[in-house]
Amino acid sequence: MDNPEVIILGSASGKAETDRSHAAIALRRDKDVWLLDAGEGVTSSMLRHQIDPEQVRSIYITHLHPDHCVGIPMLLQYLHMSGYQGTINIYLPDGALDTFQKFLDQMYLIVGVINPRYYLKPLTEAHQIVSDISLTTHPTRHLQKWEKMELIGLETRAFSFRLTIGEKGVYYSGDIHSIADILPYLKEGDTLILESSHIDPDIILSELPGKGIRQVYLTHASTDMFADLEKLQFRANKFGLNIVVVEDGLKLAL
Ligand SMILES: [Zn+2]
Ligand SMILES: [Zn+2]
C-alpha cells in the first residue's frame, strides 16, 4: 500500500481567478481518492493533476458557499458521461441535505437515472474513512451572520476538518471567522491548511508559533493578497513558523 498523499486541487478565494480553482483538497492512496470540499473547477483540476475522477469515493463539504461545493454537479455529470457505474458518498452539514438533493435533481442528476450512484449523507463529528484514516469535524463561526436564516430552514453551520492519517494529523480550517475557531483543536505535529481570506495575518504570527504546528499551508487567497502573504511567510520564519503559500497542484509534505 502506498503512503497517502494530500494534494491541493483548488486554492482560490471565493472570487474566480484565471489560474486557480476553488476550494478542494484531495486525499489519495493507491486507487482511492477522498475530497475535502469540491468548489468550482474541481473535476478539471483533478484531470490537470493526474487524478482520475472515477477514483473519488467520498466528498466532505465544510459549508455550502458555492466556492466549496458547486463542483459536485459537474463531477457527477463527468462521471455520468464517462459511463462510470460506481458509488460516491457526499457528506454535507445535514440541514442542507434536502435542498441540495433538489438542486441536483433539478440538474437532472437523479440517483438511479445517471450512471454513478451517489448518496447525500450528514456530516458527523467523527467518521472513519478507512481503517487508518479518520475525519473529525468541528463547527466554526464562519456563517454566524446568516444564523437567522435557520428560521427559513437554511443550514447555517460551517465546519473545519481534522484528518488523522495513521500517526499524522492534517487540519483543514475550511472557512473560519477567526483563528480562535480552530485553535482548541490543533494538535502538536499537525500540518495545517489554513484559509487566509477571513483572518488577520498578524494573528497568525501571534497565535500559531509555539503550538508545535509542523507546517502551515495558506490557501483561499486572492491574487492581490499574494504579495502580502509572501511578506508574511518571511516574517513567520523569524518566529520559527513554516508557512507555504499554496498553488493548485501542490502536494503536501506529510
Ligand atoms: Zn470560501
Ligand atoms: Zn465560505
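In which sense do S5 and strand S6 (residues 117–122) pair, and over how many bridges? S5 and S6 run parallel and are joined by 6 bridges; two strands count as paired if DSSP finds at least two bridges between them.

This is a predicted model, in which local features need pLDDT of at least 70, side-chain atom pairs count only at pLDDT 80 or more, and totals for chains, interfaces and linings use all residues. Residues are numbered from 1 along each chain as its sequence is written, and chains are lettered from A and ligands numbered from 1 in the order in which they are written.

**Overall form**

The protein chain holds 6 helices and 13 strands; helices (H or I, at least four residues) and strands (E, at least two) are DSSP runs numbered from the N terminus. For 254 residues a compact globule would have a radius of gyration near 18 Å, and the protein chain agrees, with 18 Å. That radius is taken over C-alpha atoms, and the globule rule is 2.2 Å times the number of residues to the power 0.38. The C-alpha trace spans about 55 × 45 × 35 Å along its principal axes.

**Parallel strands**

Strand S5 (residues 87–92) also pairs with strand S4 (residues 56–60), in parallel, through 3 bridges. Tyr 91 in S5 is the bridge partner of Tyr 60, and Tyr 91 also stands opposite Lys 121 in S6. S5, helix H4 (residues 97–106) and S6 form a right-handed β-α-β unit: with the strands pointing away from the viewer, the path from the first strand over the helix to the second runs clockwise.

| Strand pair | Sense | Bridges |
|---|---|---|
| S4 and S5 | parallel | 3 bridges |
| S5 and S6 | parallel | 6 bridges |
| S7 and S8 | antiparallel | 4 bridges |

**The open sheet**

An open sheet of 7 strands has the order S7-S8-S9-S10-S11-S12-S13, with mixed pairing. Strands S7 (126–130) and S13 (243–245) stand at the edges with a single partner strand each, so one side of each has no neighbour in the sheet. Within the sheet, Ala 126 stands opposite Thr 136 in S8. Helix H6 packs on the sheet, touching strand S12 (215–219) and S13, and its direction makes about 165° with that of S13. Contact here requires C-beta atoms, placed from the backbone, within 7 Å; axes are lines fitted to C-alpha atoms, for helices over the stretch in contact, and angles run from 0 to 180 degrees between N-to-C directions. Just after H6, Gly 240 has a positive phi of about 75°.

Notes. Two residues are in contact if their C-beta atoms, placed from the backbone, lie within 7 Å.
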